[in-house]
Amino acid sequence: MKTKPTYPDFEYRQYEFLDKSRPVLVGGEGPAVIVIHESPGLYPAVADFGRRLVGQGFTVFMPSLTGRPGRDISIPYALQTLAVACVSREFAVWATGRNSPVTDWLRLLAHEAHRERGGPGVGAVGMCLTGGFALAMAADPVITAPALSQPSLPFPITPRQRRDPGVDCRTLERVADRVRNDGLCVMGLRFTGDRLCPGERFTTLKNALGDGFVAIEIDSRLGNPDGISPLAHSVLAFDYRGQPEHPTRRAELELFDFFRQRLLPAQV
């Protein structure tokens with residue numbers, strides 16, 4: 001990335017792991033939460049979510065994986081970055097039963113964030129293309145609060161892809177072991193009508209993790225009482241509404257509680 005981001009309230013850093021250097025926006029105080037942006041990149045609505053997390057007492061680490069931080073969302077821009085992701089070896093866009101290789105880099109970022117910020121562990125939020133990344137990261141004990149917002153990989157074309165959780169079997173079993181032995185809990189968020197994040201994917205996670213998977217599913221059926229579009233997809237960013245009683249705001253508050261319970265040190 002040649003130009004610095006246009007978010008002056010975040011510190012611009014560069015982290016290098018596995019011979020790959022990436023920009024990361026960092027802000028706030030307290031335990032760390034890794035916010036992994038959706039397509040097309042760190043556009044303003046994703047940064048706004050990061051700010052709301054900062055307001056809750058967390059340090060936010062927002063790596064830039066695609067696109068240019070600060071650039072607003074548009075259809076041509078989204079299609080451009082999506083095309084890059086589709087040909088990148090770091091994103092498992094189509095393959096079932098496979099981790100996206102970029103999650104290895106993100107786990108190392110989580111360890112560095114934990115060394116910097118301390119606390120019981122690190123939170124992670126993946127969105128859309130990166131939704132399943134937080135699940136893959138949860139195989140590592142440093143991640144104590146993983147959240148999957150509308151996880152969309154692999155793209156749900158076939159029935160097998162619709163069921164696939166976006167990680168390989170070994171990783172899913174490691175996460176299930178942590179649920180059984182460590183009390184890990186995984187949160188998932190989606191709109192009920194979201195074709196990119198089908199309900200079958202959440203069913204797979206529920207079957208694998210049992211009570212260790214908490215699903216928040218927002219009604220987006222045609223004619224739903226909150227007027228949510230049947231095409232709604234982005235729970236925490238593009239389709240988020242901040243009104244106190246809006247379902248996306250209520251979902252976000254549940255996510256904040258989830259992070260507080262699992263990341264903030266116990267009060268003596």
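This is a predicted model: local features need pLDDT of at least 70, side-chain atom pairs count only at pLDDT 80 or more; totals for chains, interfaces and linings use all residues.
Strands of a sheet pair through backbone hydrogen bonds, either parallel or antiparallel.

An open sheet is formed by 8 strands, in the order β1-β2-β4-β3-β5-β6-β7-β8, and its pairing is mixed. At the edges lie β1 (11–17) and β8 (213–218), each of which pairs on one side only. From one strand to the next, the twist averages 20 degrees.

Helices pack on this sheet. Helix α1 (residues 44–55) touches β2 (20–27), β3, β4 and β5 (122–127). The direction of helix α1 makes about 160 degrees with that of β4. Helix α3 (residues 102–117) also packs on the sheet, where it touches β1, β2, β3, β4, β5 and β6 (143–149). For helix α3, the direction makes about 120 degrees with that of β1.

The next step is the chain as a whole. It contains 8 helices and 8 strands. The radius of gyration is 17 Å, close to the 18 Å that the globule rule gives for 268 residues, so the chain is as compact as a globular protein of that length. Taken along the principal axes, the box filled by the C-alpha atoms is roughly 45 × 45 × 40 Å. Of the 268 residues, 54% are buried. Among contacts with a separation of 6 or more, 72% come from residues 24 or more positions apart. The chain exposes about 11,900 Å², and carbon and sulfur atoms supply 53% of that area.

The cysteines remain. A disulfide is a covalent bond between the sulfur atoms of two cysteines. With a cut-off of 2.5 Å between the sulfur atoms, the count in this model comes to 0 disulfides. For Cys169, the closest cysteine sulfur is in Cys197, 19 Å away, which is too far for a bond. Cys197 is likewise in no disulfide: its nearest cysteine sulfur is that of Cys128, at 9.0 Å. Cys169 counts as exposed because its relative accessibility is 67%, over the 50% cut-off. Cys197, at 0% relative accessibility, counts as buried, since that value is under the 20% cut-off.

Terms used. Residues are numbered from 1 along each chain as its sequence is written. Side-chain values use heavy atoms; hydrogens and water are left out. Two strands pair if DSSP finds at least two bridges between them. Helices (H or I, at least four residues) and strands (E, at least two) are DSSP runs, numbered from the N terminus. Axes are lines fitted to C-alpha atoms, for helices over the stretch in contact, and angles run from 0 to 180 degrees between N-to-C directions. Contact means heavy atoms within 4.5 Å. The radius of gyration is taken over C-alpha atoms; the globule rule is 2.2 Å times the number of residues to the power 0.38. Buried means under 20% relative accessible area, exposed over 50%, partly exposed in between (1.4 Å probe, protein chains only). Accessible areas come from the Shrake-Rupley method with a 1.4 Å probe; for residues, only the protein chains shown count as cover.
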